[in-house]
Amino acid sequence: MDEIRQAIEGKAALLQQGDVKAILSYYAPSFVEYSLAPPLRQPGDGRDPAPLEAWLANFEMPPRREVTRLEITTDGDVAFATSLDRLSAVPRGSAEGFSLWFRVTLGLRRIGGRWLVTHEHESVPFEMDGSMRASTGLTPTD
């Protein structure tokens with residue numbers, strides 16, 4: 001499980017460096033991605049840096065991602081992991097940054113001796129009061 005933990009935390013640490021190719025090296029060549037941004041499902045091509053580069057261009061500096069409460073379950077060459085992650089960033093042209101907690105579920109497979117992400121799902125809860133507002137102010141103690 002240490003290898004999986006290192007892969008997940010290593011991928012997160014590389015975000016702050018803005019090293020797109022290194023980040024993508026943690027993904028299988030074809031993967032399923034359900035990220036926070038529309039559409040409902042993004043095509044996952046671990047060889048195409050363009051979508052991640054375009055997203056990073058929205059920030060003054062590459063965002064920081066913190067992985068917390070990481071739990072990993074394995075069975076042979078397959079694993080899944082859950083965590084509560086915090087993204088901190090300053091949007092381009094903004095004087096102030098933001099910090100957002102969200103939920104993450106990863107599916108991984110050992111491919112060619114390395115643990116690679118084959119499925120990534122990120123979500124933010126929404127208010128059930130009829131407003132449909134994203135609950136972006138939550139923290140792990142909520």
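Predicted model: local features only at pLDDT ≥ 70, side-chain atom pairs only at ≥ 80, totals over all residues.

Trainee: OK, so which residues is Glu122 in contact with, leaving aside neighbours within four places in sequence?

Mentor: The list is Tyr34, Ser35, Leu36, Arg65, Phe102, Arg103 and Val104. Glu122 sits in strand 6; strands here are DSSP runs of E with at least two residues, helices are runs of H or I with at least four, and both are numbered from the N terminus.

Trainee: Is Glu122 buried or exposed?

Mentor: Buried, because its relative accessible area is 11%. The cut-offs are under 20% for buried, over 50% for exposed and partly exposed in between, using a 1.4 Å probe and protein chains only.

Trainee: Which side chain does Glu122 join in a polar contact?

Mentor: That of Arg65, at 3.2 Å. A polar contact is a pair of N or O atoms within 3.5 Å; within protein, one must be able to donate a hydrogen and the other to accept it, and residues adjacent in sequence count only if both atoms are side-chain atoms.

Trainee: Switching to helix 1, what span should its 16 residues have?

Mentor: At 1.5 Å a residue, residues 2-17 should span 22 Å, and the end C-alpha atoms are 22 Å apart, so the two agree. The expected span is 1.5 Å times one less than the number of residues.

Trainee: And which residues of helix 1 are buried?

Mentor: Ile4, Ala7, Ile8, Gly10, Lys11, Ala12, Leu14 and Leu15. Arg5 is in helix 1 too, but Arg5 counts as partly exposed because its relative accessibility is 33%.

Trainee: What does Arg5 touch, not counting residues up to four places away in sequence?

Mentor: Leu70 and Ile72. Arg5 and Leu70 are 65 residues apart in sequence, with their C-alpha atoms 8.0 Å apart in space.

Trainee: Last topic: phi. Which residue following helix 1 has a positive phi?

Mentor: Gly18, near 75°. Most residues other than glycine have a negative phi. Arg69, in strand 3 (residues 64-75), has a positive phi near 50°. Met132, in the segment after strand 6 (114-123), has a positive phi of about 60°.

Trainee: Why does Met132 count as exposed?

Mentor: Because its relative accessibility is 56%.

Conventions:
Residues numbered from 1 in each chain as written. Heavy atoms only, no water. Contact = heavy atoms within 4.5 Å.
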